[in-house]
Amino acid sequence: MSEKIKQKKKYRFNFVDFFIILVIVAVLLVAGYFTVFNKSSVSSDKVDIEYVIELKTIKDIFVDKIQEGNEVIETVRSENIGTVVDIAVETAKTTTQNAATGQLQEVSYPEELKDIRITIRKEVSVDDGIYMMNGVELHVGSHINFRVPNYVGSGYCVQITEVKEAAK
Amino acid sequence: MNDTKSKMKFNIIDFIIIVIIIAVAVGIIMRGNIADSIAEKATGDIIEYTIRIENIQKESYDYLNEGDELFSWVDDSSIGKIKSKQAPKITESYVSLADGSVVKTANPDRIDVVMTIECPGRHTEEGYMLNGNAFIAAGKMIDARTKNVTFSFQVEDVGLASAD
């Protein structure tokens, strides 16, 4: 009888056992999460897109800081969101009101302020109908904080186009 | 007596715990070494950048002195020393006239200050890194202070300091 009690004492479930089981369960959960996550990203469609970020009223001294071929990094998540393939620059415009007529009108700023449209190409996944770039969602209207090696800025996405094979 | 011995016996669970503790300790030491080596490489270059402080009071100009150290408001880290400052420029802004057109005008009570700052850092493929870890490029807005004055500025240009 006393031998049985000793054996029972020997195999008593204690805090260390609980802690180890907790660690093992946590590891399994993390592994399971990443396995499922990877499966879903593997199963999503991949497409090449070109999208345009518009920078408004930028000083002209910054225009040549962005170059074709620059890799673009989204600064909130530090993720690569594509390569610059085109840059279009024009004098910045704004909408003002003519006090005499009450009409709203589009007018230009002085020459030293520019509106810049940067076209960026990126292979993205389409998850649940949303363009995803390394975890960054992309829609027309998305505000994107970005950097290239010589410039930091932000702007709105104003255009997204899927690139067909022939155009690549 | 036997009971005490069986309680204190070294078993596989103890072994696993010790292995985990050693692994964590080694991980922390290695991480520390990596951080040190990155920090060593971080300050191989001297970065020189030009900033513009816009729309400040004229009196503030005299509180910005060559040699003053700049600190980031975000984390109080040093982001360089003032190497030089240009003469103050009257602040310009854009206003719309009655006909809706936009013109540039001057604000006689306010000034812009352009300064050159020097800071240890590194130039990489990704760009310039102040102190090896803070990305800096033209266009960046930074909240900063010196011992005398606090202000926000925009970076206008970044490069490596010349040898002189």
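1. Which residue forms a salt bridge with B:Lys104? The partner is A:Glu112, and the closest N and O atoms of the pair are 2.7 Å apart. Please read this and everything below with one caution: the model is predicted.

2. The A–B interface as a whole. Chain A puts 29 residues into the contact, and chain B puts in 27 residues. About 2,100 Å² is buried between the two chains. Carbon and sulfur atoms give 58% of that area. Across this interface there are 5 salt bridges. Polar contacts also cross between chain A and chain B, with 10 residue pairs found.

3. Several elements each supply at least two residues to the side of chain A that touches chain B. Two of them are helices: helix 1 (2–10) and helix 2 (15–43). The strands are strand 4 (93–97), strand 5 (104–108), strand 9 (143–148) and strand 10 (151–162). By residue type, this side of chain A divides into 14 nonpolar, 7 polar and 8 charged.

4. B:Ile17 sits in helix 2 (residues 12–42) of chain B. Leaving aside residues up to four places away in sequence, B:Ile17 touches A:Val16 and A:Ile20.

5. Chain B overall. Chain B has 2 helices and 9 strands. The order from the N terminus is α-α-β-β-β-β-β-β-β-β-β. Of its 164 residues, 30% are buried. The accessible surface of chain B is about 10,100 Å², and carbon and sulfur atoms hold 56% of it. Now take the contacts in chain B between residues at least 6 apart in sequence. Of these, 62% join residues at least 24 apart.

6. A:Asn70, a buried polar residue in a loop. The loop in question runs between strand 1 (45–59) and strand 2 (71–74) of chain A. A:Asn70 has 14% relative accessibility, so it counts as buried. What lies 2.9 Å from a polar atom of the A:Asn70 side chain? It is the backbone nitrogen of A:Gln67. Beyond residues up to four places away in sequence, A:Asn70 touches A:Lys65, A:Gly82, A:Thr83, A:Val84, A:Val148 and A:Pro149.

7. Salt bridges, starting with chain A. Over all chains the count is 15. One of them joins the side chains of A:Arg121 and A:Glu50, at 2.6 Å from N to O. This pair links distant parts of the chain, with the two residues 71 apart. A:Arg121 is in strand 6 (residues 113–127) of chain A, and A:Glu50 is in strand 1 of chain A. A:Arg121 has a relative accessible area of 25%, so the residue is partly exposed. A:Glu50 is also partly exposed, at 23%.

8. A strand-to-strand bridge in chain B. B:Lys83 forms a salt bridge with B:Glu48, and the closest N and O atoms are 2.7 Å apart. B:Lys83 lies in strand 3 (residues 78–85) of chain B, and B:Glu48 lies in strand 1 (residues 45–57) of chain B, so the bridge ties together parts 35 residues apart in sequence. B:Lys83 is partly exposed at 33% relative accessibility. B:Glu48 is partly exposed at 22%.

9. A loop-to-strand bridge in chain B. The side chains of B:Asp76 and B:Arg145 meet at 3.1 Å, N to O. Why does this pair tie together parts that are 69 residues apart in sequence? Because B:Asp76 lies in the loop between strand 2 (69–72) and strand 3 of chain B, while B:Arg145 lies in strand 8 (residues 141–145) of chain B. B:Asp76 is partly exposed, with a relative accessible area of 46%. For B:Arg145 the value is 23%, also partly exposed.

Conventions: Residues are numbered from 1 along each chain as its sequence is written. Chains are lettered from A and ligands numbered from 1 in the order in which they are written. This is a predicted model: local features need pLDDT of at least 70, side-chain atom pairs count only at pLDDT 80 or more; totals for chains, interfaces and linings use all residues. Side-chain values use heavy atoms; hydrogens and water are left out. Helices (H or I, at least four residues) and strands (E, at least two) are DSSP runs, numbered from the N terminus. Buried means under 20% relative accessible area, exposed over 50%, partly exposed in between (1.4 Å probe, protein chains only). A polar contact is a pair of N or O atoms within 3.5 Å; within protein, one must be able to donate a hydrogen and the other to accept it, and residues adjacent in sequence count only if both atoms are side-chain atoms. Contact means heavy atoms within 4.5 Å. Buried area is the accessible area (1.4 Å probe) that two parts lose on being put together, summed over both. A salt bridge is a side-chain nitrogen of Lys or Arg within 4 Å of a carboxyl oxygen of Asp or Glu. Ala, Val, Leu, Ile, Met, Phe, Trp, Tyr, Cys and Pro count as nonpolar, Asp, Glu, Lys and Arg as charged, and the others, Gly among them, as polar. Accessible areas come from the Shrake-Rupley method with a 1.4 Å probe; for residues, only the protein chains shown count as cover.
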